[in-house]
Amino acid sequence: YKEIEKLYYLYQKKLREENCLDYGDLILSTCSLFKNKPEVLLEYGKKFKYILVDEFQDTNIAQIELLKLLSRYCKNICVVGDDDQSIYRFRGASYTSFKYFKNFFPELIHIKLTQNYRSTKNILKVAERVISHNEKSRYDPKKNLWTENETGDKTNIIITPDFKYEAKVVIDKIEKLVEKEKDYSKFAILYRAHSHKDYILQELKARNIPYTIISEKGFFESSEIKDIISYLKVILNPENSVDLFRVISDARWNIVKEKLLKIANYADYNKTSIWNVLKIIRSVEGFDEIEYENIDKFISFIEELAELKFIEDADVVFRAFLKKSGYLSNLIGKGDEQKVLNVSRFFRFIQDYVSQKEDKTLRGFLEYLELFLKAEGEIEPEKYIDTANGVKLLTVHTAKGLQFDNVFVISLCSRRFPSPGKRNPIELPVELMKEEIPEGDVNIQEERRLFYVAITRAKKRLFLSAIDKKGTRPSKFIKEFIEKGDNEFIEVERFEEFDDVIDKIDIPLDREEKAELKFKREVLRITDELLRSSDFENFSDNVKSLWSKYYLDRKKEKKIITGEKTRTLVLSYTQINTYKTCPMQYKFNYVYQIPRPKHAALTFGTSIHKTLQKFYEEIRKGNIPPLEKMIKIYEENWISEGYIDKDHEEEYKKSGYTQLSEYYEKNVKEIKPILGLETEFSISIGKHKVKGYIDRIDQLKDKNVEVIDYKTGSPKKNSEVDKDLQLSIYALACVKNLGYFPELLSFYFLEKNEKITTTRTEEQIKETEELIRETADSIISEKFEPKAGHHCNWCDFRWICPLWEK
């Protein structure tokens, strides 16, 4: 304790020298200020006339002391909480916050809120039975919840022989119930620790069931975001040893921990930076040639990227980092969807900064990021595309405050839930504690409160799953039910080991592959019997029976699983065309939303489109502007993005002058009545929608129209225009949404100043509708296989595409 005392003194001294307060001292110093400066307390005490505290059970002694001081003058304070949900003792929450508060305010008015509006009667009976065992540590042992809700189903206690079987049984039950519920998002699986979900994840993936892992970590707390911020800091300043140590610890550099510590210790001993040690690493003994080469590669990697920080914007440097490091492609290869989405979201965060700030450099961005984080700025993490209606997976701590129709609490067994109490390396002396410690095992009491929180997340149905095998027995919380035989509101189901060895062994096959393996095995078995018995008469029937057992049942299951993915897609022509070109390109662009570099052709096309839109708006007002006016509109709508340099931009701009002048001369004398410019449409196709804008719609006769779309790229052949998907979608929009008959469908190619016109039959329009439906279904089924072709040569995502690497 003497060493701790000395360390604490030095720590506080250092804080004062740096003019800093840590998080705990923010409260303690405020309390000290109020006690030593009554006039300051008076000013703030009168400022806060009413104080309301929610989740009071999660407060600590220092926070309660602050509340006591602040409320001294006005004495209007209301605290709301539930001591049975006090589950943050490991964060410093008080054991006895309510008792402590009552000692401070002996004349308080105590109001019990005991009516439950969430759960069924049977679920509340389970919750009450659980928490009653904490009687000695409860603030109010006689508090009983009640509800006017229905009695509801009995709580199902599931007991299986191992964790793999537990996952199978839990997902079996979800699949059965989802036929009734029609929505996977109404199911939540809660666990004590993140590692407890592994077999559940395997089972969900094998059955193609959508899911969402809900994490309480903030965006900037995720490991991948910490990694890339550290990389950017090192690219800016390699002398930054803290961040440098983090990035060189990255597994891609293949430097073992012992050697990293050797480098750090060498730097510390020689009072230099880790970067300087890396630069002279070949003079440091204790490394083999492969390790020297890995360090050389790391130095070259950082130095090459560091060159860019002087000449490129922050987003360009970041893209170069992702390409050169393979960081993003590595995450994609591992199938870690959430991490990919987070990196992509951070990329867009950098792009937003570059588009809005004058200082677009990497230094400018990192300075902005530091201020953003100091101001407690946060980014909402993206959710993976197909998990909006997925099963929710989360820890019990994360589930606090949430509710779900159907709740499964898994792995209720010894050494998991309740979790073994962790002894503090240095115990706090009882003499220093400012609160009363409850009687009994405080760890079990807190774990029981955590279990109580898990139970009370359920609205309609509750499932408690335990393991019973040698060395792993059901949780004492489960035993308390079973031993009392509470058959009135619980039912116990025991499951024996897997009947089939293929289910027992841990092989990397999904459900369909296992079914196929079983079928082939059984066919071989009856074939072997046939050879011995020559009973050809029953052989065919036996094979049909096996087919029915392993294949027809499987197809039925598959229909249930995929048929319940009820997510609605809103697609555009570009999205549909991207998917038809390459499903993986679609995933990179619209699922992961990985930013693409700006291209001159795209920004040039936007400038031309805006010019023609504004030009025809003037014509609709009854004015035919002169060419000079069109050119002025063009200059006002010019976008200076995506060009290599000023010469490149000027070359495109001159081309625009030429194209618009030639277009004007050819079309200004033959202007048809214009029904729409940038006309928005929305087509419903089943549960999905296709939305977009049509450049121009000209009236022909009655309800007949010509649809015109401007193109600034290379002209297409007539045969290509006859089959073009974009014009087919526009024809479908006219018929189904806009109330026109698309007599003519035209692309106007400004580069050649020519219009190519086509038509669509009723049958072709129906085929387009079916193509959209099939595309949407494929996207929802997550069929994102890469498709090779000429398009690969100019794909923006080549650098992360596994097919391109091959």
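The structure is a predicted model, in which local features need pLDDT of at least 70 and side-chain atom pairs count only at pLDDT 80 or more, while totals for chains, interfaces and linings use all residues. Residues are numbered from 1 along each chain as its sequence is written, and side-chain values use heavy atoms, with hydrogens and water left out.

**Helix packing**

- The axes of helix 9 (residues 223-236) and helix 13 (residues 289-308), which are lines fitted to C-alpha atoms over the stretch in contact, come within 8 Å and cross at roughly 75°.
- Helix 9 is therefore roughly perpendicular to helix 13, a term that covers angles of 65 to 115 degrees.
- Y231, V234 and I235 in helix 9 meet F301, I302, L305 and A306 in helix 13, where contact means heavy atoms within 4.5 Å.

**Salt bridges**

- The count comes to 42 salt bridges, each being a side-chain nitrogen of Lys or Arg within 4 Å of a carboxyl oxygen of Asp or Glu.
- E175 forms a salt bridge with R207, and their closest N and O atoms are 2.6 Å apart.
- This pair links E175 in helix 7 (residues 163-181) to R207 in the loop between helix 8 (198-206) and strand 5 (211-213), 32 residues apart.
- E175 is buried, with a relative accessible area of 9%, and R207 is also buried at 2%, where buried means under 20% relative accessible area with a 1.4 Å probe and protein chains only.
- K259 forms a salt bridge with E291, with the closest N and O atoms 2.9 Å apart.

Conventions:
Axes are lines fitted to C-alpha atoms, for helices over the stretch in contact, and angles run from 0 to 180 degrees between N-to-C directions. Helices (H or I, at least four residues) and strands (E, at least two) are DSSP runs, numbered from the N terminus. Angles under 35 degrees count as roughly parallel, over 145 as roughly antiparallel, 65 to 115 as roughly perpendicular and the rest as oblique. Buried means under 20% relative accessible area, exposed over 50%, partly exposed in between (1.4 Å probe, protein chains only).
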